[in-house]
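The sequence and structure are shown first, and the description follows.

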Amino acid sequence: MAGSSNARFVALRIWLFSVAGLILAMVLVGGATRLTGSGLSIVEWQLVTGTLPPLSDQHWLEAFSAYQQIPQYRQLNAGMTLAEFKTIFWWEWSHRLLGRVIGLAYLVPFLWFIWRGGLDRTLQRRLWLIFALGALQGAVGWWMVSSGLTQRVEVAQERLAIHLTLALAIFAAIIWTLQRLGSHHKEKGPKRLRITAAALLALVFVQLFLGALVAGLRAGQIFNTWPLIDGALLPAAQRLWFETPWWRNLVDNQLTVQFNHRMMAYALCALALLHALDTWRCRAATSSALQLLGALLLQAGAGVLTLLYQVPIGLGLVHQGLAVLVLTLAVVHLARLWPPRAPQLHR
């Protein structure tokens with residue numbers, strides 16, 4: 001019995017690691033889809049029949065004709081050849097296919113674990129919540145795409161930011177669940193360390209959202225200097241806040257969005273440094289705090305290079321991949337400082 005239970009425990013961890021890996025792949029493919037301008041190449045959402053790509057010349061012409069009806073083609077890509085359309089189609093199709101694969105890779109093993117009776121109620125509730133977030137993510141993805149089909153030439157940047165942030169929230173939930181399984185090493189330290197670690201994780205999510213806004217507005221392709229932005233360390237207020245109502249600048253003004261992204265990066269690095277020094281003084285979770293600080297500094301450096309070179313696809317994907325690494329380390333670090341009670345498999 002103990003051997004069977006241990007085997008299920010290992011299988012559970014392999015399953016969750018595999019799903020997390022698939023989500024990472026989907027985030028990177030989604031980033032490439034955005035950088036190549038491919039996200040609107042498929043103008044319909046067909047859950048089942050959309051699994052297959054066009055299988056004949058006639059089907060390809062129909063898909064291309066549907067794309068030619070939207071503003072992006074008429075205003076940005078008029079004259080595009082069928083071969084060029086196929087390139088952007090494959091990126092978007094791969095992104096959607098990965099979403100379907102992730103759904104099946106999550107649900108089928110999850111139902112098997114429930115059938116085998118190996119999960120306690122707390123763990124089951126957490127895993128059902130993650131599945132519900134995944135289903136919501138599919139709806140949010142189409143909500144995002146639909147924003148670019150009638151009046152815009154690209155998807156709405158705030159919807160893109162929500163879509164990416166939700167995907168990474170699901171990824172973080174899986175990493176957290178993995179960390180809460182079994183007997184992971186826990187660190188004892190003052191409560192303020194947990195509070196600061198939680199604040200760091202929250203700010204990482206804010207930064208991910210801001211980064212998605214930068215991508216959605218293509219704001220990384222302008223103001224390509226550092227440390228100056230728009231010719232100054234602090235841009236003029238009238239340039240940052242010229243839109244009305246004022247809050248529209250937070251999502252529509254390219255200068256404001258990029259400036260906020262930079263300032264949040266500085267704040268994160270500073271807080272991570274202070275937190276690492278505090279963990280060293282308290283002798284608790286210092287190694288994971290230093291790993292998080294190092295990843296943040298590396299990510300900031302990659303962000304500067306990406307900006308200076310005006311967001312080439314390779315650097316853009318490295319920057320996005322490092323963002324996922326930062327998120328992973330922030331979750332792991334907080335889990336090390338969290339109280340040790342965790343949901344377990346029944347033995």
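## Nonpolar cores

In the largest nonpolar core, which has 68 residues, Leu12, Trp15, Leu16, Ile23, Leu127, Ile174 and Leu327 touch the most other members. At least two residues of this core come from each of α1 (2-35), α4, α5 (121-146), α6, α7 (191-217), α10 (254-282), α11 (286-308) and α12 (313-337). The largest share, 12 residues, is supplied by α7. Another core lies apart from this one; it has 19 residues, including Leu40, Ile42, Phe85 and Phe89. A nonpolar core is here a set of buried Ala, Val, Leu, Ile, Met, Phe, Trp, Tyr and Cys residues joined through side-chain atoms within 4.5 Å. Buried stands for under 20% relative accessible area, exposed for over 50%, and partly exposed for values in between (1.4 Å probe, protein chains only). Helices are DSSP runs (H or I, at least four residues), numbered from the N terminus.

The model is predicted: local features need pLDDT of at least 70 and side-chain atom pairs count only at pLDDT 80 or more, whereas totals for chains, interfaces and linings use all residues. Residues are numbered from 1 along each chain as its sequence is written, and side-chain values use heavy atoms, with hydrogens and water left out.

## Two residues and their contacts

Contact means heavy atoms within 4.5 Å. Neighbours within four places in sequence left aside, tryptophan 15 is in contact with Ala105, Tyr106, Pro109, Phe110, Phe113 and Leu127. Threonine 165 lies in helix α6 (residues 157-180) and is buried, with a relative accessible area of 15%. With neighbours within four places in sequence again left aside, threonine 165 is in contact with Phe205 and Phe209.

## Two helices

The expected span of a helix is 1.5 Å times one less than its number of residues.

| Helix | Length | First to last C-alpha | Expected span |
|---|---|---|---|
| α7 | 27 residues | 40 Å | 39 Å |
| α11 | 23 residues | 33 Å | 33 Å |

After α7 comes arginine 218, with a positive phi near 55°.

A pocket is an open set of points on a 1 Å grid over the protein atoms alone, where a 1.4 Å probe fits, with protein on both sides within 12 Å along at least five of seven lines; lining residues have an atom within 4 Å of a point. The lining of the second largest pocket has 20 residues, and Gln46, Leu52, Pro54, Ala63 and Phe89 lie nearest its centre. α4 gives the most to this lining, with 5 residues.
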